[in-house]
Amino acid sequence: MAICFLSPLKAITPTTSLTTSLNPKKPNILRCNFSLPIITTTEPEPVFTSVRSFAPATVANLGPGFDFLGCAVDGLGDFVSLRVDPSVHPGELSISDISGTKNLSKNPLNNCAGIAAIATMKMLNIRSVGLSLSLEKGLPLGSGLGSSAASAAAAAVAVNELFGRKLEVKDLVLAGLESEAKVSGYHADNIAPAIMGGFVLIRSYDPLELMSLQFPVEKDLIFVLVSPDFEAPTKKMRAALPAEIGMSHHVWNCSQAGALVASVLQGDLVGLGKALSSDKIVEPKRAPLIPGMVGVKKAALEAGAFGCTISGAGPTAVAVVDSEDRGVEVGERMVEAFWKEGNLKAVAMVKRLDRVGARLVGSVPR
């Protein structure tokens with residue numbers, strides 16, 4: 001689905017500000033156009049010489065929520081440094097450095113961060129200054145942890161902050177979607193939580209409508225993320241999915257997705273884990289493509305996890321527990337299963353829910 005940069009469409013204001021306390025009975029909703037409008041008619045001046053931003057890893061799908069549910073994970077992600085650069089042609093972006101991987105292009109038109117940054121610049125109508133961007137990859141490519149979305153989210157936020165935070169959250173999601181559409185398909189279940197934090201439900205894609213779901217702050221939610229030494233490109237994993245599904249599986253997955261959302265809002269880890277583990281449409285097609293995944297899920301549940309599934313397109317497996325100590329134990333069993341069942345080395349991480357999303361972490365004033 002194509003997205004136009006220069007659109008006469010007006011921006012649609014969210015029904016509720018994200019700064020307002022979230023009500024589990026009435027989740028925040030953001031409604032947006034697909035097209036990328038020019039938000040500012042007057043070009044803003046940069047308020048910083050340089051900025052540094054961070055965007056977290058994300059877990060998309062969450063079992064039965066294929067392409068419409070995702071959440072952000074604390075402590076993992078990508079950094080973007082952005083500065084005003086007189087050597088760059090006004091209105092253009094240059095990528096000066098990429099660290100953490102050798103497999104990404106410095107051409108901004110072929111780079112997740114570059115595409116999102118340019119989209120954000122066009123929304124802001126930036127024509128008078130050139131920008132230089134540096135990307136620090138903290139997430140491996142093709143990991144199932146929203147690597148492309150983290151780069152895009154960090155870049156969009158960096159541009160917005162550099163020019164005085166003129167854009168709203170929904171605008172940044174649209175800029176990130178421009179990047180996702182080119183890299184892995186038009187889906188917001190990584191980019192939306194990467195920018196917004198917490199759990200996000202994509203209620204509609206046409207028009208884009210996003211709902212923030214608040215997991216109760218007084219309850220602990222621990223993710224066990226186990227990443228094997230195996231790459232599962234999103235496009236390849238999407239190609240494995242069925243074009244049509246039976247009515248019984250449709251009904252089942254809808255009921256499990258509803259239960260998952262209810263469990264998130266109620267802070268019900270048992271219900272969340274049960275729903276997370278119950279996908280009958282996507283996981284059965286993808287799990288056989290990841291060596292050992294079936295055995296890894298079994299090992300996680302036997303070790304005491306409330307639920308386990310594939311994170312995004314994989315190959316990372318994600319399990320849900322209620323304590324870090326239990327998370328370490330479950331992670332060890334999952335790593336062992338990847339080696340025993342799939343002959344793959346794997347690394348386990350125990351992380352919490354990121355409730356903030358992409359943010360500014362450093363700046364140099366003009």
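Mentor: Helix axes are lines fitted to C-alpha atoms over the stretch in contact, and angles run from 0 to 180 degrees between N-to-C directions. This is a predicted model, where local features need pLDDT of at least 70, side-chain atom pairs count only at pLDDT 80 or more, and totals for chains, interfaces and linings use all residues. Residues are numbered from 1 along each chain as its sequence is written, and side-chain values use heavy atoms, with hydrogens and water left out.

Trainee: Why are α1 and α3 called oblique to each other?

Mentor: Their axes are 8 Å apart, at an angle of about 140 degrees. Angles under 35 degrees count as roughly parallel, over 145 as roughly antiparallel, 65 to 115 as roughly perpendicular and the rest as oblique. The pair α1 and α3 is therefore oblique.

Trainee: How do you know that the second largest pocket lies between domain 1 and domain 2?

Mentor: Domain 1 (48-213 + 355-365) and domain 2 (222-352) both contribute lining residues, so the pocket lies between them; the bounds come from an automatic or database domain assignment. The lining has 39 residues, with G142, S148, V183, S184 and T234 nearest the centre.

Trainee: What makes a space a cavity, and what a pocket?

Mentor: On a 1 Å grid over the protein atoms alone, a 1.4 Å probe fits in a cavity but cannot get out, whereas a pocket is an open set with protein on both sides within 12 Å along at least five of seven lines; lining residues have an atom within 4 Å of a point. The whole structure holds 3 cavities of 30 Å³ or more. The lining of the largest cavity includes N61, D279 and R286.

Definitions and conventions
Helices (H or I, at least four residues) and strands (E, at least two) are DSSP runs, numbered from the N terminus. Grid points are joined across faces, edges and corners, and a volume is the space filled by probe spheres set on the points.
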